Amino acid sequence: MSEKIEVFGLSQTVSELAETDISKVAKYGWGRQGLIPLWFGEGDVPTPKYICDAASESMQMGETFYTHQNGLSDLRKELIKYTKRSFGVTLEEDRLTVTNSGMMAISLAMQMLINPSDEVVVIGPVWPNIYSTVELNKGIVTHASIKMSHDGWSLDLNEVFSAVTDRTKAIFVNTPGNPTGWIMPGEDQKSLVEFAREKNIWLISDEVYHSLVFDRPVATSMLNFAESDDKVIVVNSFSKSWLMTGWRMGWMVHPKGIAETLAKLVQISTSGVPDFIQRAGITALRSGDKTIAELRERCQLGRDIVFDRLEQWPSVRAIRPNGAFYAFFMVDGVNDSLDFCKKLIDICNVGLAPGSAFGPGGEGFLRLCYASTPEKLNRAMDALALEINKR
Ligand SMILES: Cc1ncc(COP(=O)(O)O)c(C=O)c1O
């Protein structure tokens, strides 16, 4: 029995939740003078003023009360327009629930679906919180791996299909992917939707990086291939596309008939997303296309600064991705990425996330978030070159 259960009487599941290796590195480096932190998944540009103004005006108008558990009708209507314009998909309002972040949408989906010992096939390497939410709900994670080759990151769908057993409740996929930048091809999305339909299991598709793509206008959504009654949940977020990480607002698209269940879960957790934050979301959706375009341009520039260097370093294996805002690269001889990231803090004063945090297939890699200024990225790469090129 863990010490925390004995001393505090905490739930065993909660006490056994692992601290992520990203947190361990961040704790190690936090507060160091001059450190360049590229370990978390966010940029360094604050939310644009026109979005902040919308929230502030709403607050001044007294929109400060409890609100609708599935989200304001006005916001859901705007999300319907956004989905149509971005993906060409028509939704109805009762298929949308606004959530307090993309993370909360994932948590609600897992709470809603998992019975103890249900299996969830997680396609990884992926953001560590996914594993934790399955575990917190007493589910069991099984794996299918995206792999790096000379041609890029790819997934063998047969690996996903063979990971599904009689106990599988859902498949979780994140595309464009954190940390790899992998983008699932449309034909594979279609096959996965058909497979889930045939097996009568759920498919949770995390599309929070849908707009951060460099070789196409938008990543295709699972919604492009799903029918309205398929057991498909698409998770999305205001965090990345509209520079709103601290606002904590996301949304989910789900089949008809489960909005009431989600409303119950929202009621006993946050009771809804604050009205004024939803008003800011409406403004972001109506007026934010330029913000997205500028972020994409900035990320593409960041990507190229980082990869132009990484590709020259003999000990590094890296694939320039077309989605999300991370470099996920391997350094020869690194088999303890947590330890190596601490070393990079000590020697280079640069904070990266260790690949070990991202589940099976992640060890040996390092993740660098390039949603940053050219000046900061160049300084970080100069510092990293000295240590990484020694190897
Ligand atoms: C893959 C993935 N999904 C979901 C999220 C959640 O985003 P948020 O909770 O800020 O909406 C993140 C955040 O980093 C992420 O990387």
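Biologist: If a salt bridge is a side-chain nitrogen of Lys or Arg within 4 Å of a carboxyl oxygen of Asp or Glu, how many salt bridges does the count come to here?

Modeller: The count comes to 29 salt bridges. This is a predicted model, where local features need pLDDT of at least 70 and side-chain atom pairs pLDDT 80 or more, while totals for chains, interfaces and linings use all residues. Residues are numbered from 1 along each chain as its sequence is written, and side-chain values use heavy atoms, without hydrogens or water.

Biologist: Okay, and which residue does Arg320 meet in a salt bridge?

Modeller: Arg320 meets Asp304, with 2.8 Å from N to O. Arg320 lies in the loop between S10 and S11 and Asp304 in helix H12 (residues 289-310), so the pair ties together parts that are 16 residues apart in sequence. Helices (H or I, at least four residues) and strands (E, at least two) are DSSP runs, numbered from the N terminus.

Biologist: Which residues are linked with Arg320 in a network of salt bridges?

Modeller: The network links Arg320 with Arg303, Asp304, Asp308 and Glu311. As for accessibility, Arg320 is partly exposed at 27% relative accessible area, and Asp304 is likewise partly exposed, at 21%; buried means under 20%, exposed over 50%, and partly exposed in between (1.4 Å probe, protein chains only).

Biologist: What about Lys24, which residue does it form a salt bridge with?

Modeller: Lys24 forms a salt bridge with Asp21, and the closest N and O atoms are 3.2 Å apart. The two residues are 3 apart in helix H3 (residues 21-29), which means that about one helical turn separates them. Asp21 is buried, with a relative accessible area of 15%, whereas Lys24 is partly exposed, at 31%.

Biologist: Which strands pair with S3?

Modeller: S3 pairs with S4 (residues 140-149) in the parallel sense over 6 bridges, and 4 bridges join S3 to S6 (residues 168-174), again running parallel; two strands pair if DSSP finds at least two bridges between them. On the S4 side, Val120 has Val141 as its bridge partner, and on the S6 side Val122 stands opposite Phe172.

Biologist: Back to S10 for a second, in what order do the strands of its open sheet come?

Modeller: The order of that open sheet of 4 strands is S10-S11-S14-S13, with antiparallel pairing. S10 (316-317) and S13 (353-354) stand at the edges, each with a single partner strand, so one side of each has no neighbour in the sheet. S10 is joined to S11 (residues 326-331) by 2 bridges, and the bridge partner of Arg317 in S11 is Met330.

Biologist: And how many aromatic pairs does the count come to?

Modeller: The count comes to 16 aromatic pairs, where rings of Phe, Tyr and Trp (its six-membered ring) pair if their centres lie within 6.5 Å, and planes under 30 degrees apart count as stacked, over 60 as edge-to-face and the rest as tilted. One of them is the tilted pair of Trp39 and Phe40, at 5.9 Å centre to centre with 50° between the planes. Trp39 is buried at 2% relative accessible area, whereas Phe40 is partly exposed at 35%.

Biologist: Which residues do ring pairs link into a cluster?

Modeller: Ring pairs link Tyr82, Phe238, Trp242 and Trp251 into a cluster.
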